[in-house]
Amino acid sequence: MVTSGSLVKTWKFSNGKISSFGNEWVEALPNITTLEATRNIISEIPSSFSKFPLKTLEFGRNRLSSSVFRDNICVSKSM
């Protein structure tokens, strides 16, 4: 079954006041390849964030620490 969220490939929400988004967004939009979220106040991202098949990620000018990226985006894949 195809849901409308599975058709979305690009998600842009820059220049807002978004502070976080939860696992439900990752589950609802499983095929996001481009995410632009610059100039918000994001300080947290969900642990399931690495499930996005991202090719482009823009998170400039937010409140994310390098440990958030390390723990939620830069995950190693076991072979």
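Reader: Which residues is Trp11 in contact with, leaving aside its neighbours within four places in sequence?

Author: Trp11 is in contact with Phe21, Trp25, Leu29, Ile32, Thr34, Leu35, Glu36 and Phe52. Contact means heavy atoms within 4.5 Å. Keep in mind that this is a predicted model, where local features need pLDDT of at least 70, side-chain atom pairs count only at pLDDT 80 or more, and totals for chains, interfaces and linings use all residues. Residues are numbered from 1 along each chain as its sequence is written, and side-chain values use heavy atoms, with hydrogens and water left out.

Reader: Why is Ser48 called buried?

Author: Buried means under 20% relative accessible area, exposed over 50%, and partly exposed in between (1.4 Å probe, protein chains only). Ser48 has a relative accessible area of 11%, so Ser48 is buried. Ser48 lies in the loop between S2 and S3, and touches Asn23 and Val26, not counting residues up to four places away in sequence.

Reader: How do you know that S2 pairs with S3?

Author: Strands (E, at least two residues) are DSSP runs, numbered from the N terminus, and two of them pair if DSSP finds at least two bridges between them. Here 3 bridges join S2 (residues 34-36) to S3, so the pair meets that cut-off. The two strands run parallel, and Glu36 stands opposite Glu58 in S3.

Reader: What makes S1 and S3 edge strands?

Author: The open sheet of 3 strands has the order S1-S2-S3. S1 (10-12) and S3 (56-58) each have a single partner strand, so one side of each is left without a neighbour in the sheet.

Technical notes
Helix = DSSP H or I, 4+ residues; strand = E, 2+ residues; numbered from the N terminus.
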